[in-house]
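I opened this notebook to record, entry by entry, what I looked up in the structure. The entries follow below.

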Amino acid sequence: MKDAERVSFGGGGLEHRAELRARAKALLADRSARVLPVWRGRPLVTGGGAGQARLLFCPSDDPFLAIHGGETVLLGDAGSGPLFAVDISGWQPDGEIVTDSGPGRGAEDQPAPAMRGWPADARFADLRALFADLTPLDAECAATAKGVLEWHRGHGFCANCGAASLAADGGWRRDCPACGRPHFPRTDPVVIMLVTDGNKLLMGRSPGWPDRFYSLLAGFIEPGETIAAAVRREVAEETSVRVGAVRLLASQPWPFPASLMIGCIGRAETTEIIRDPTEIEDALWLSREALLEVFAGRHPEIAPPRRGAIAQFLMKMWLADRLD
Ligand SMILES: [Zn+2]
């Protein structure tokens, strides 16, 4: 698919530069290094509105980082010097702490402390609510930072022997000092699919989603499956619809917490929907004309899809007939 890299979190221009990781500590001390603080999965940002919000990278000698900095990862370079992210989750805000309100919902921002050199509106923002407003490079940096730092937060102990492991290689590996096993950041593949029957598209909603929110069917790939097999199994499990030919369209890193969304299109061979109520609350076939009404915010039962998510991207491309 020609436009595949136009999806959010893709094609921002960040080069990982793995060859620099062995000297990450020396690079961090360099004056050209810039560091993104991330608090409990939320990057530090400033500004607001579409294309106006931006990540707030700090100099590596920022006093806030010296006090609160934990695991550090070398994100790479986008042409202006090395970019790092540091986990500052140990920082305790004064007063009430905002909490995540879950998939499909925006979360409130956590105001940042008043630090010299930080704008007055500096805040730790929920990436799910924010990413569609970031530039492609900032979105890619934020996704990379959140993905790797969240992995560190959840993988402090060796999966082989249980001993505490240590970060290495610029934050891209954890080594076990007891048994010697190296561990690498995980990415969990998820298929998400346009299932079509001529002019109609299959959509569904999971229990607990916000009112009127529908999306494409999706699910984790299981061990031993190809991408196409996972598409067919997920659709059959959730709706009993049988899918024939499957084609890969685009992919999107989705660091909530560690997914890679793999967007596909599959042609339906049957159309009767028999729903699995434990997996989905509703499923339906929607015509192109009805989907246009959804995107325009005029559909009586279905809310417009979330901006920036691969589901919205794939549906938009399907409507525009630009899947080639
Ligand atoms: Zn071990």
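**Entry 1**

I looked up what covers the buried residues of helix 7, and the cover includes strand 12 (188–197), strand 13 (200–205), strand 15 (243–254), strand 16 (259–268) and helix 6. I note here that the model is predicted. I then listed the buried residues of helix 7: Ile310, Ala311, Gln312, Phe313, Leu314, Met315, Met317 and Trp318. Since 8 of the 10 residues of helix 7 are buried, this helix is largely enclosed by the rest of the structure. Just after helix 7, I found aspartate 321 with a positive phi of about 60 degrees.

**Entry 1: helix 6 against helix 7**

How are helix 6 and helix 7 placed relative to each other? I found that helix 6 (residues 288–295) and helix 7 (residues 310–319) pack with their axes 11 Å apart and at an angle of about 130 degrees. The two helices are therefore oblique to each other. The crossing of helix 6 and helix 7 is left-handed. On the helix 6 side I noted Arg288, Leu291, Leu292 and Phe295, which meet Gln312, Met315, Lys316, Trp318 and Leu319 of helix 7. By kind, the residues of this contact are 6 nonpolar, 1 polar and 2 charged. For the spacing along such a contact I recalled a general rule: an α-helix has 3.6 residues a turn, so residues three or four places apart point the same way.

Next I asked which residues of strand 6 are buried on each side. On one side I found Pro82, Phe84 and Val86, and on the other Leu83, Ala85 and Asp87, all of them buried. In a regular strand the side chains alternate between the two faces of the sheet. Because 6 of the 6 residues of strand 6 (residues 82–87) are buried, strand 6 is largely enclosed by the rest of the structure.

I then looked up the pairing. Strand 1 (residues 34–39) runs parallel to strand 6, with 5 bridges between them, and arginine 34 has leucine 83 as its bridge partner. Strand 5 (residues 72–77) is antiparallel to strand 6 and is joined to it by 5 bridges; here glycine 76 stands opposite leucine 83. Strand 5 and strand 6 form a hairpin with 4 residues between them, and glycine 79 in the turn has a positive phi of about 110 degrees.

I found an open sheet of 3 strands in the order 9-10-11, paired antiparallel. Its edge strands are strand 9 (166–168) and strand 11 (182–183), each pairing on one side only. Strand 9 is joined to strand 10 (residues 173–175) by 3 bridges, and alanine 167 is the bridge partner of arginine 174. Helix 4 (residues 136–154) packs on this sheet and touches strand 9, strand 10 and strand 11; the direction of helix 4 makes about 20 degrees with that of strand 10.

Most residues other than glycine have a negative phi, and most peptide bonds are trans. I therefore looked for exceptions to this rule. Phenylalanine 256 and proline 257 are joined by a cis peptide bond, with omega about 5 degrees; proline 257 lies in the loop between strand 15 and strand 16. Arginine 17, in the segment before helix 1 (24–28), has a positive phi near 50 degrees. Arginine 40, in the loop between strand 1 and strand 2 (42–46), has a positive phi of about 50 degrees.

Are these arginines buried, partly exposed or exposed? Arginine 17 has 30% relative accessibility, so I recorded this residue as partly exposed. Arginine 40 has a relative accessible area of 30% and is partly exposed.

Note on methods. Residues are numbered from 1 along each chain as its sequence is written. This is a predicted model: local features need pLDDT of at least 70, side-chain atom pairs count only at pLDDT 80 or more; totals for chains, interfaces and linings use all residues. Side-chain values use heavy atoms; hydrogens and water are left out. Buried means under 20% relative accessible area, exposed over 50%, partly exposed in between (1.4 Å probe, protein chains only). Two strands pair if DSSP finds at least two bridges between them. Axes are lines fitted to C-alpha atoms, for helices over the stretch in contact, and angles run from 0 to 180 degrees between N-to-C directions. Angles under 35 degrees count as roughly parallel, over 145 as roughly antiparallel, 65 to 115 as roughly perpendicular and the rest as oblique. A crossing is left-handed if the near helix is turned anticlockwise from the far one by less than a right angle, and right-handed if clockwise. Contact means heavy atoms within 4.5 Å. Ala, Val, Leu, Ile, Met, Phe, Trp, Tyr, Cys and Pro count as nonpolar, Asp, Glu, Lys and Arg as charged, and the others, Gly among them, as polar.
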